[in-house]
Structure formats: C-alpha cells, structure tokens
Amino acid sequence: MKMKKVCMAALIVSLLLAGCGQSGTSGQTASSGQDIPAVESSAENQSDSDAQTEPQSLTGATEEAAEEAKTTEETTVAADTVTEITGYPAFDFEKKTVTLNSGYEMPILGLGMFSLSDSEAENSTYWALKAGFRLIDTARIYGNEAAVGRGLKRAIDEGIVTREEVFITTKMWTSDFDNGDAAVDASLERLGVDYIDLMILHHSQPSNDVDAYQAMERAVADGKLRSIGLSNYYEQEDFDRLVNATSIKPALLQNETHPYHQSTEMKDHIAQYGTVLESWFPLGGRGNTQTLFNDETISSIAKAHGVSSAQVIIRWHLQAGNICIPGSSNEQHIIEDYDVWDFELTEDEMAQMTALERDERFADY
Ligand SMILES: NC(=O)c1ccc[n+]([C@@H]2O[C@H](COP(=O)([O-])OP(=O)(O)OC[C@H]3O[C@@H](n4cnc5c(N)ncnc54)[C@H](OP(=O)(O)O)[C@@H]3O)[C@@H](O)[C@H]2O)c1
C-alpha cells in the first residue's frame, strides 16, 4: 500500500467530471468493547490519473468543465455520492480500498482475529489472503500476532501475496500505555514484519492514552508504523480530547458497529478529521450472529439477492462507509465473506437497513 495525496476538493471535482459516482465505485450509495481478551471472551499508488488528482493539474478548460458540471449536475451528485458530500472518506469499490488521512490506502474489507487460537489465526490469515482479503485485524491482547505473522509468511512464501499488498492492523493494549515505544517494538517482533500498516489504541483510557498515542506518533516518524488510530472511543468529547492533545489525526476509529448499532453520529463527528469508521462485531459477534442473520429485513434482502445474511450485512457496512472486519475460523465462511463484490444493495434496501438502528450493543463494555 503506497502513499498518495488526498484532496477532497479534487476528488469532488473529479467525480463531477466523471459524470458523478466514485472512481471505480460500483454504486456506493452510502445511506444513510473492548474486545474482551481471548481469555475473557464472551463472545499504492493508485495512478494519479484516477479520481484523486490534484486540482492544480486541471487545465483551464477542464476547470470550466468542472464548473459547468457542478452547476448542471449538483442535484444528481448530492443524491448519488452521499459519502463525499457528508465528508466520509470515499470508498473505491473497484480497488476495494479507502485512502486514509495518512495518505495510505487501506482495504475496506478484512478478516478479524479476535478469540482465534494460534492455529486458527495462522490458518485463517492464510485462507483469507488466498480468498482475496488484503486486510488482517489482530491485537496484542488476542495473543495471536505471531500466528498472524506465520499465516502471512506462508502466503508470501507461496507467492499468493507480497508484504506490500497486505495491510496489517494491530492494537496497543491499555496495560502497555505507559510503555508505548516498547509495545510497538514488541508487536513488530511478534508479527515478524518491519512495519505495521496501522496500530490503534485498543481503548480509551484518559489517564495515559495521550502518552501511548504520542509513542505511536514517534513510531510513525521512525517508519515503524504507517498509520495510527483509535478503538473504543464512544463519546465525541473523549475522541476530541485525544485529538486536541496530539498531532496526528487518527486515521481510523474502530468501534462496535452493526445494523443494530450503526454509529452514525460518531461517524459523522469523526469525518471532520478525515477519520474513517471501522466496524467491530460487524456480524453481531460470536454467539449473537443468528440474531442478525435471522432478522426479517436482513434475511429477506439476502433472499432477494440470492446471497447469505452475512454477505448482506457485510455489503451494508461497505456501502454505508464502514470498513468491515468479520471474524471467522472457517474457510468456507471466509470465502463467502469476501464474495460481496458482485451484488449491490439498492437505495431502498440501504434505507431498510438504516431503519434497523436500535442503539443496541451486543457487548456490555
Ligand atoms: N477493538 C475491539 O475492541 C474489538 C472487539 C471485538 C472485535 N474486534 C475485531 O473485530 C473482528 C470482528 O469481530 P468478531 O470476530 O468478534 O465478531 P463478528 O465478525 O461480528 O462475528 C464473528 C462470528 O461470525 C461467524 N461468521 C463469520 N462469517 C460467517 C458466515 N459467512 N456465515 C456464518 N457465520 C459467520 C463466525 O463464526 P465462524 O468462525 O464459524 O465463521 C463468528 O462466530 C474481530 O475478529 C476483531 O478483529 C475488535
């Protein structure tokens, strides 16, 4: 994943020039706990020819065309590219990535490692990369970073992927916050990589999370981390507290998010920083998935598309502008969870999904 410049204004102009719709985005119609450690479980770039061209590169004639497009197509754009209009970081459905505020591209669909044993994590990482996933989400507290590293190495050794093609996320646990520099080095060591694509603080902890975040900022300067962000910040004031005390805007916020807890207000709030939302428990979490899978709205949309409820939920996350990281240790489920690129939820279906909001979390922390 290489770096690329981000310019929302240029993106909007390019979208207008393209006659509306994201570059390569087949219909993003964005509508609108902390993990419990395993032991306590309850449960590059893009060529510059695409949509994100710098505005200065526009010729006068092109600028005129853009202006004209702006006036003639404003209404259509407002209806079809809600993501850009509301300021959510734009998802590219052709490349299956989003460009973070750090300038790095991140896959929008990944596989989560919470509660997986070492052998499960190693196999699932390998199966995921074989199935097409390019994002793996782990954490120090899951105890399986080394296993993820082994699964990654297996896939690299077999020529399935290169290190550069894979995006690894890990998380700094709260008990490491006073020793953030060492925690970064330890995660690098366990994963067996010489840089980590994204490290996030696992939980808000006002007593010392600023110190921990500043350690991650130093690691960015040292080339050990590429992007940094947060997880489990549920109050806007708490998120802002951290942002106001630090220099690098969080690239991402990972919070419990699914059809019954859609995190829309928080997503709107963090958009001002260019921060993207990522959903944990995207399917409801282990032990809760049947509740969502059997939801009448979700299962009837699934039936209409000839796909599974899991696929509908994953597709909903992506179209709503949420990076999605379902967890699985089952190869068939992993293959199924990545097979979400050939169908699209209609605006009406997205509205039906939005209406499922209950402000109800499955985790109790
Ligand atoms: N930051 C945090 O505090 C936090 C907290 C929780 C989770 N997370 C991250 O978010 C990821 C996702 O959360 P999660 O794994 O806890 O919950 P989840 O993805 O909502 O649900 C996982 C469950 O879904 C099942 N599943 C997956 N694909 C399926 C399919 N196609 N059909 C049927 N069942 C399917 C899995 O079973 P099988 O194994 O049988 O497929 C597992 O029981 C985690 O792995 C972790 O990386 C972060």
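**Reading strands, helices and confidence**

Tutor: Let us begin with a pair of strands: β7 (residues 196-201) and β8 run parallel and are joined by five bridges. Strands pair if DSSP finds at least two bridges between them. Helices (H or I, at least four residues) and strands (E, at least two) are DSSP runs, numbered from the N terminus. The model is predicted: local features need pLDDT of at least 70 and side-chain atom pairs count only at pLDDT 80 or more, while totals for chains, interfaces and linings use all residues. Residues are numbered from 1 along each chain as its sequence is written.

Student: Which residue is the bridge partner of Leu-201 in β8?

Tutor: The partner is Leu-230. Between β7 and β8 the chain passes through helix α7 (residues 209-221), in a right-handed β-α-β crossover. A crossover is right-handed if, with the strands pointing away from the viewer, the path from the first strand over the helix to the second runs clockwise.

Student: Which strand does β8 join through two bridges?

Tutor: That strand is β9 (residues 252-256), and the two run parallel. Ser-231 stands opposite Gln-254 in β9. With helix α8 (residues 236-244), β8 and β9 make a right-handed β-α-β unit.

Student: Is β8 mostly covered or uncovered?

Tutor: A residue is buried if 20 or more other C-beta atoms lie within 10 Å of its own, exposed if 12 or fewer, and partly exposed in between; C-beta atoms are placed from the backbone. In β8 (residues 225-231), seven of its seven residues are buried, and the strand is mostly covered.

Student: Why is helix α12 described as largely enclosed?

Tutor: Because 12 of the 12 residues of α12 are buried, the helix is largely enclosed by the rest of the structure. Among them are Arg-315, Trp-316 and His-317. For length, the expected span is 1.5 Å times one less than the number of residues. The 12 residues of α12 (residues 309-320) should span 16 Å, and the end C-alpha atoms are 16 Å apart, which agrees. Gly-321, with a positive phi near 90°, follows α12.

Student: What average pLDDT does the protein chain have?

Tutor: pLDDT is the predictor's confidence in each residue, from 0 to 100. The chain averages 83, and 76% of the residues score at least 70. Over residues 1-34, however, the pLDDT is below 50. Residues 36-85 likewise stay under 50.

Key: Contact = placed C-beta atoms within 7 Å.
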